[in-house]
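Here is a briefing on one protein model. Keep the sequence and the 3D view open while you read.

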Amino acid sequence: MTSKIIPFFNYPVLYERQKKDLLPLIDEILSGGRYIMQKELENFESDLARYLGVKYALGVADGTMALILALKASNISPGDEVLVPSHTFVATAAAIAHVGATPVLVECDWSHLMDPSDLEHRITSKTKAIMPVQLNGRVAEMNEIKDVAERNGLIIIEDAAQALGAKFKGEFAGTFGVAGTFSFYPSKTLGGFGDGGAVVTNDSRIADSIRLLRDHGRHPSGEVMQWGFNSRLDNLQAGILGYKLKHYSKEIERRREIAALYHSSLDGLEALKLPPPPSDGDHFDIFQNYEIEANCRDELRAYLDVQGVKTIIQWGGKVIHQYPSLGLNKDLPMTELMSRRYMLLPMNTSLSNEDISYICEQILTFYRR
Ligand SMILES: *Cc1c(COP(=O)(O)O)cnc(C)c1O
């Protein structure tokens, strides 16, 4: 019997590593009384924009509000339809519903991302936008998605909540359409100590609109220009995220190393379908998650649990068309099939190489029995 426990995520270990730098930073911000829209937010926004090579990055309350504000600023409104994959967090579709539009669900392909070949037949006279979700830290096949958008006069708004730093043909997730959104939820690759999000865009009208929308519709002069929200990124979180962004390339490098270790140990095991390896043609993946498909998935998870390896299924194991209360379209056989097979292996920078070997050994043992 082993006593090894590998938690799925380990916030305390990750905090401990950065505590020495973070506590003085937090103290400085609090001592200066800089709580709402102060220099830390401005600095983080310009650092994020520079990192992604975009003109504007706007910090907002969370990744869900980032989606709502991006849709609103792009004039998606009641009566419109937006194409979105069913394998996503319910927040993606909720944002579409909250601006009064209708989410129309599409299939995902073998890589678990929006299937470009499933878009065109779902387009109607009401369709206004495509919302690819750059899931698990990988970018969808954007060339094909952009072709469909151009042919049909649709805009693209990306949910890149899971893909900060991921690239396709050298271009960053979040920069392919009129706007892209990110989440800084604590377990995201760039995670804060609470909620946070951002919208990025090269369009000055969208940036201006989000600046108003996130702060009660107020112009910096104080004049209220329109109905708005209170959806600002806390200045304290912005300070923390700014610090973490400076160390972000190391974070990604380690995640890609872990993915390579998983790949080299588990590739060839017929019972599993692994995500593409870190070096995969036009794709540069950042591995927010390591999402595999597994034969006898539930038995595998139960076995790993006993061996101390904690796994999860993204969003509790349901794709969003499987929530009857939401009334979404259900004609998604590929996604349906996949939803019975997918699960996440531990993927975060608290894991050692020994941890990964141990996890892989347990998986190999399970399938050899
Ligand atoms: C995390 C996440 C969101 C929402 O972000 P919050 O910051 O939690 O509101 C949206 N879409 C996807 C795909 C996510 O993973």
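Strand β2 (residues 81–85) and strand β4 (residues 127–130) run parallel and are joined by three bridges. Helices (H or I, at least four residues) and strands (E, at least two) are DSSP runs, numbered from the N terminus. Two strands count as paired if DSSP finds at least two bridges between them. The model is predicted: local features need pLDDT of at least 70, side-chain atom pairs count only at pLDDT 80 or more, and totals for chains, interfaces and linings use all residues. Residues are numbered from 1 along each chain as its sequence is written, and side-chain values use heavy atoms, with hydrogens and water left out.

**Parallel strands**
- Valine 82 faces alanine 129 in β4.
- β4 also pairs with strand β5 (residues 155–159), in the parallel sense, over two bridges.
- In that pairing, isoleucine 130 stands opposite isoleucine 156 in β5.
- From β4 the chain crosses through helix α5 (residues 142–152) to β5, in a right-handed β-α-β crossover. Right-handed means that, with the strands pointing away from the viewer, the path from the first strand over the helix to the second runs clockwise.

**Antiparallel sheet**
- Four strands form an open sheet in the order β7-β6-β12-β11, with antiparallel pairing.
- β7 (171–172) and β11 (279–280) are the edge strands, each with a single partner, so one side of each has no neighbour in the sheet.
- Strand β6 (residues 167–168) and strand β12 (residues 283–284) run antiparallel, joined by two bridges.
- Lysine 167 stands opposite phenylalanine 284 in β12.

**Helix α8**
- α8 (residues 248–266) has 19 residues. From its first C-alpha to its last it reaches 27 Å, close to the 27 Å expected at 1.5 Å a residue. The expected span is 1.5 Å times one less than the number of residues.
- Buried residues of α8 include Tyr248, Arg254, Arg255, Arg256 and His263. Buried means under 20% relative accessible area, exposed over 50%, and partly exposed in between (1.4 Å probe, protein chains only).
- Glycine 268 follows α8 and has a positive phi, near 100°.

**Arginine 297**
- Arginine 297 is in helix α9 (residues 297–306). It counts as buried because its relative accessibility is 10%.
- Its side chain makes a polar contact of 3.0 Å with the side chain of aspartate 298. A polar contact is a pair of N or O atoms within 3.5 Å; within protein, one must be able to donate a hydrogen and the other to accept it, and residues adjacent in sequence count only if both atoms are side-chain atoms.
- A polar atom of the arginine 297 side chain also lies 2.9 Å from the backbone oxygen of tyrosine 342.
- Leaving aside neighbours within four places in sequence, arginine 297 has contacts (heavy atoms within 4.5 Å) that include Ile313, Ser339 and Met343.

**Salt bridges**
- The structure holds 25 salt bridges. Each is a side-chain nitrogen of Lys or Arg within 4 Å of a carboxyl oxygen of Asp or Glu.
- Lysine 4 and aspartate 355 meet at 3.1 Å, N to O. Lysine 4 lies in the segment before α1 (11–31) and aspartate 355 in helix α11 (residues 353–368), so the pair ties together parts 351 residues apart in sequence.
- Lysine 4 is partly exposed at 28%, whereas aspartate 355 is buried at 14%.
- Glutamate 16 and lysine 19 form a salt bridge, with their closest N and O atoms 3.9 Å apart. About one helical turn separates them, because they are three residues apart in helix α1.
- Glu28, Arg34 and Glu40 are linked in a network of salt bridges.
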